[in-house]
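Please keep the sequence and the structure open while reading this note. The points can be checked one by one.

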Amino acid sequence: MSVGEFALLVLAGVGAGLTGSIAGLASLISYPALLAAGIPPVTANVTNTVALVLNSVGSVSASRPELAGQGRRLRRLAVAAVLGGFAGMVLLLRTPSDAFERIVPWLIAAASVLLLVQRSPRELAAEGAAHPHPRGDPWWLPGGTFLIAIYGGYFGAAAGVMMLAMFLLATGERLPVGNALKNVVLGFANLTAAIGYVFLTSIAWSAALPLAIGLFLGGRLGPRVVRRAPQTLLRRVIAVARIALAVRLGISAYT
C-alpha cells in the first residue's frame, strides 16, 4: 500500500468516525474508501467491519457520562446484538462473492434513500420523549436490536441510523443517551462479527490499520464535533453521493 493510499484511508476513517459516532453513517464512507484502494468487495466489507470496532471504542469512551445508569438495559441489548452480529457474519460467509457484489448496490441505495426520508435525530428524540414508556422499554426492543444487528454484521451501511431511530422512539431517551446506546450496542455486533471474520476469512490488514486509526480518532471527536454540524444537510449530501456510488457499483456488478 502506498503512502497516499494509507493517508486516504486514515482521512476516510476520520470522516467515517465523525459521522458514524453521531448518525450511524460510518460504513457509507469507509466501505467506498476501501473499494477505492483496490480491495475486492467481500474483503473490503469484512475489513471494514474489523476496523469499525475502533470507531465504537472511540465513541463509547467519549460518551461515558451518557451511559451512566444504563448497565441493566445495555446487558439485555448487548446479548441481542451479539447474537445478531454472529448471524450476520455467518450469512456473509455463506454468500458467494459474486452474489454479494450484486446485493451491495441495492443495500447502499436502500440505506441512502433511508437517509433522505429519515427525520432528524432531534425530532425523533422529541417524539420519543413526548410518548414515554412508563413501564420500561417495550418488549420487542431486544428483537428489533437483533434484526438490525444481523444487518450490521452482514454489511452495516446505515445500521446505526436504524438503531438510533429505534432507540429514540422506543425508549424516549434524549439524543445524547440514545446515541451512546447505539454506539455500544452496534459495537458489540461489530466486535462479534469481526472476531469471526479474523478467524474464518481474509482481512486486508494493511488497509484495516490506517482505517481503524482514522475511525478511532473520528469516533473520539464525533460526539463533540458532529453534534454541531447541520445534520439534515449532512445526511442529504452523503445520501446523494452514496446513490451515485450504488449506481456505479450496480453497473459494474451487472455488466
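**Notes on the predicted model**

1. Over the protein the average pLDDT is 82, and 80% of the residues score at least 70.

2. What does the secondary structure come to? The protein has eleven helices and zero strands. Read from the N terminus, the order of the elements is α-α-α-α-α-α-α-α-α-α-α.

3. Two totals describe the protein as a whole. Of its 255 residues, 55% count as buried. Of the contacts in the protein with a separation of 6 or more, 83% are between residues 24 or more positions apart.

4. How many aromatic pairs does a search of the whole structure find? The search finds three. In one of them, Y31 and F155 are edge-to-face, with 5.1 Å from centre to centre and 85° between the planes. This pair links distant parts of the chain: Y31 belongs to helix α2 (residues 27–36), while F155 sits in the loop between α7 (141–154) and α8 (159–171), 124 residues apart. Y31 is buried, and F155 is buried too.

5. Another pair is made by F100 and Y154. Why does this pair of F100 and Y154 count as edge-to-face? The planes of the two rings stand at 65°, and an angle over 60 degrees counts as edge-to-face. The ring centres are 5.9 Å apart. F100 lies in helix α5 (residues 97–117) and Y154 in helix α7, so the pair ties together parts that are 54 residues apart in sequence. F100 and Y154 are both buried. Taken together, Y31, F100, Y154 and F155 form one aromatic cluster.

6. Helices α7 and α8 can be viewed side by side. They pack at an angle of about 170°, and their axes are 9 Å apart. Angles over 145 degrees count as roughly antiparallel, and α7 and α8 are therefore roughly antiparallel to each other. On the α7 side, the contact is made by L141, G144, T145, I148, A149, Y151 and G152. On the α8 side, A159, M162, M163, M166, F167, A170 and T171 make the contact. By class, the contact of α7 with α8 has ten nonpolar, four polar and no charged residues.

7. Is helix α2 mostly covered or mostly uncovered? Helix α2 is mostly covered, with eight of its ten residues buried. The buried residues are S27, L28, S30, Y31, P32, A33, L34 and L35. Just after α2, G38 takes a positive phi of about 90°.

8. A44 lies in helix α3. A44 is buried, with a relative accessible area of 0%. Leaving aside neighbours within four places in sequence, A44 is in contact with Y31, L34, L35 and I39. Of these, Y31, L34 and L35 are among the buried residues of α2. A44 and A204 are 160 residues apart in sequence, and their C-alpha atoms are 7.5 Å apart in space.

9. The loop between α3 (41–61) and α4 holds E66, and A68 also lies in the loop between α3 and α4. From C-alpha to C-alpha, E66 and A180 are 6.4 Å apart in space and 114 residues apart in sequence.

10. V113 is found in helix α5. V113 is partly exposed, with a relative accessible area of 42%. V113 and V240 are 127 residues apart in sequence and 8.6 Å apart in space, C-alpha to C-alpha.

Technical notes:
Residues are numbered from 1 along each chain as its sequence is written. This is a predicted model: local features need pLDDT of at least 70, side-chain atom pairs count only at pLDDT 80 or more; totals for chains, interfaces and linings use all residues. Side-chain values use heavy atoms; hydrogens and water are left out. Rings of Phe, Tyr and Trp (its six-membered ring) pair if their centres lie within 6.5 Å; planes under 30 degrees apart count as stacked, over 60 as edge-to-face and the rest as tilted. Helices (H or I, at least four residues) and strands (E, at least two) are DSSP runs, numbered from the N terminus. Buried means under 20% relative accessible area, exposed over 50%, partly exposed in between (1.4 Å probe, protein chains only). Axes are lines fitted to C-alpha atoms, for helices over the stretch in contact, and angles run from 0 to 180 degrees between N-to-C directions. Angles under 35 degrees count as roughly parallel, over 145 as roughly antiparallel, 65 to 115 as roughly perpendicular and the rest as oblique. Contact means heavy atoms within 4.5 Å. Ala, Val, Leu, Ile, Met, Phe, Trp, Tyr, Cys and Pro count as nonpolar, Asp, Glu, Lys and Arg as charged, and the others, Gly among them, as polar. pLDDT is the predictor's confidence in each residue, from 0 to 100.
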